[in-house]
Amino acid sequence: MFARWLTLALIRGSLLAGPGHAEVGTRECVYYNDNWRAERTNQSGYERCEGEKDKRQHCYASWLNSSGTIHLVKKGCWLDDFNCYDRHECVATEESPQVFFCCCEGNYCNERFTHLPEAPAVKIQPPPAGPSLLGVLVYSLLPLVVLCLALVLACWTYHQRKPPYGHVDIIQDAGPPPPSPLVGLKPLQLLELKARGRFGCVWKAQLLSEYVAVKIFPIQDKQSWQNERDIYLTEGLRHENLLHYISAEKRGTNLQMELWLITEFHERGSLTDYLKGNVVNWAELCHIAESMARGLAYLHEDLSYRLEGPKPAIAHRDFKSKNVLLRTDLTAVIADFGLAVRFEPGKPPGDTHGQVGTRRYMAPEVLEGAINFHRDAFLRIDMYALGLVLWELMSRCTAADGPVDEYLLPFEEEIGQHPSLEDLQDVVVHKKMRPILKDCWLKHPGLAQMCETVEECWDHDAEARLSAGCVEERIATIAKATNTTNTSTSECLVSMVTSDSDSELPPKESST
């Protein structure tokens with residue numbers, strides 16, 4: 001009887017002591033921050049771990065090892081991570097990472113940390129046995145078996161490389177992630193969900209001491225992730241008005257695989273989000289509009305024969321205010337290249353389906369399904385969308401003498417927040433309607449010329465639309481004429497006179 005009672009007591013005690021029990025967990029960790037002066041925190045001490053009740057807490061440590069000299073970077077609490085489960089000591093197991101990282105469970109378990117790379121298992125071969133009848137048969141049949149296996153492997157590889165249409169290939173690799181000094185750095189931790197879109201969601205994350213944006217695609221949208229990654233890797237694409245790329249990674253396996261795209265982070269968010277909560281003055285409108293047009297002009301520009309490195313013309317194909325981010329100083333940065341298409345000399349442009357993008361921003365020829373599948377046609381589609389985004393900016397500008405209305409998307413007043421394709425075809429294609437340009441805007445010298453530029457961007461005739469480069473020059477000229485910036489103008493521009501007299505804008509230029 002006593003033995004039975006003792007057995008039950010031991011079982012009960014082991015269950016209560018298990019790592020998943022609510023009474024046992026990580027509540028406090030040793031804290032250290034090497035960058036404490038810049039981040040204005042304590043240098044060392046203890047940190048109390050706080051988080052969601054259903055999430056586990058861990059401690060972590062990260063350090064550098066330079067020729068045997070250990071340089072501690074950070075210690076503290078770490079959120080729920082299955083790689084830390086049931087680890088009672090802080091041990092880094094990677095062979096030679098750029099930054100050593102370990103995590104563990106239990107109060108102050110990160111006080112000590114070490115590096116023990118996992119050694120490959122050594123197999124001890126038994127002494128060779130003497131020849132037998134079975135051995136003779138195996139050696140005789142081995143070449144035939146190897147040949148059969150090679151044929152099976154070849155057939156399997158062929159079918160994997162040519163999947164049927166619509167199949168999501170999770171076995172075939174999309175190619176190695178791009179080389180980047182930040183790939184593999186730890187810790188990278190997701191902090192806050194900032195946005196959800198058609199192809200995934202965007203998180204604010206922390207990479208060591210810097211904030212980054214992580215766009216996460218499900219495996220079903222592998223093509224969009226791969227296309228956007230390839231666009232970012234286009235030679236010569238880097239520009240101050242295009243979102244800066246850091247790296248791409250794959251997380252998880254099989255159907256649980258996630259595809260990550262890591263870029264710079266902008267706290268102000270998208271132009272849509274900013275205009276919802278803020279108005280802009282004339283100087284801010286000109287700055288945002290000019291930097292936005294400059295980024296689109298560089299994206300469209302064909303620099304195939306540039307000596308310092310060629311850059312093909314690229315059409316965005318989903319240009320909208322939601323895909324324009326704002327830096328702290330309100331400089332525009334163009335993002336989201338999941339539908340973009342490159343036009344390289346002698347190469348096909350790839351997927352050029354006509355009716356793609358966000359329905360509200362589709363040009364008349366896209367809504368009609370009547371576009372020409374060549375470079376200039378796709379660039380002019382972007383210019384139509386640019387005209388709508390400029391209208392959004394003007395609708396929230398305080399420069400005119402009239403009231404500033406609440407933020408509305410293009411055509412939201414005419415056909416609501418969720419228009420159908422038929423609604424837009426009726427309004428944009430058949431009735432040739434555009435968002436309303438207010439009379440009070442036309443009385444402001446700068447806004448009046450901006451309205452003229454917008455009308456030439458969203459012209460029903462695609463070939464009559466301005467190019468992005470011409471729009472950039474026009475806005476710079478308008479801003480200079482109203483004494484808001486000191487931007488120099490191109491030699492192709494006609495001179496601007498004061499707002500009290502008739503003024504002319506730079507001539508039209510085809511979107512090439």
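Student: What does the side chain of N281 reach at the start of α6?
Tutor: In this predicted model, a side-chain oxygen of N281 comes to within 3.2 Å of the backbone nitrogen of A283.

Student: Which residues make up α6, and how many are there?
Tutor: Helix α6 covers residues 282–300, which is 19 residues. From first C-alpha to last it reaches 27 Å, close to the 27 Å expected at 1.5 Å a residue.

Student: How many of the residues of α6 are buried?
Tutor: 15 of its 19 residues are buried, and α6 is mostly covered.

Student: At what angle do α6 and α8 pack?
Tutor: The angle between α6 and α8 (residues 375–395) is about 170°, and their axes are 11 Å apart. That makes α6 roughly antiparallel to α8, because angles over 145 degrees count as roughly antiparallel.

Student: Which residues of α6 meet α8?
Tutor: From α6, the residues are L285, I288, A289, M292, L296 and H300. They meet L379, D382, M383, L386, V389, L390, L393 and M394 in α8.

Student: Why would residues three or four places apart point the same way in an α-helix?
Tutor: An α-helix has 3.6 residues a turn, so residues at that spacing point the same way.

Student: Switching to loops. What is phi of D86?
Tutor: Phi of D86 is near 60°, a positive value in a residue other than glycine. D86 sits in the loop between β4 (69–78) and β5 (90–92).

Student: And how accessible is D86?
Tutor: D86 has 44% relative accessibility, so it counts as partly exposed.

Student: Then L330: where is it found?
Tutor: L330 is in the loop between β14 (324–326) and β15 (332–334). Phi of L330 is also positive, near 70°, and L330 is not a glycine.

Student: Is L330 buried or exposed?
Tutor: L330 is buried, because its relative accessible area is 6% and the cut-off for buried is under 20%.

Student: Now the whole protein. How many helices and strands does it have?
Tutor: There are 13 helices and 16 strands. The protein has 512 residues, of which 42% count as buried.

Student: What share of the contacts comes from residues 24 or more positions apart?
Tutor: Such pairs account for 60% of the contacts with a separation of 6 or more.

Conventions: Residues are numbered from 1 along each chain as its sequence is written. This is a predicted model: local features need pLDDT of at least 70, side-chain atom pairs count only at pLDDT 80 or more; totals for chains, interfaces and linings use all residues. Side-chain values use heavy atoms; hydrogens and water are left out. Helices (H or I, at least four residues) and strands (E, at least two) are DSSP runs, numbered from the N terminus. The expected span of a helix is 1.5 Å times one less than its number of residues. Buried means under 20% relative accessible area, exposed over 50%, partly exposed in between (1.4 Å probe, protein chains only). A polar contact is a pair of N or O atoms within 3.5 Å; within protein, one must be able to donate a hydrogen and the other to accept it, and residues adjacent in sequence count only if both atoms are side-chain atoms. Contact means heavy atoms within 4.5 Å. Axes are lines fitted to C-alpha atoms, for helices over the stretch in contact, and angles run from 0 to 180 degrees between N-to-C directions. Angles under 35 degrees count as roughly parallel, over 145 as roughly antiparallel, 65 to 115 as roughly perpendicular and the rest as oblique.
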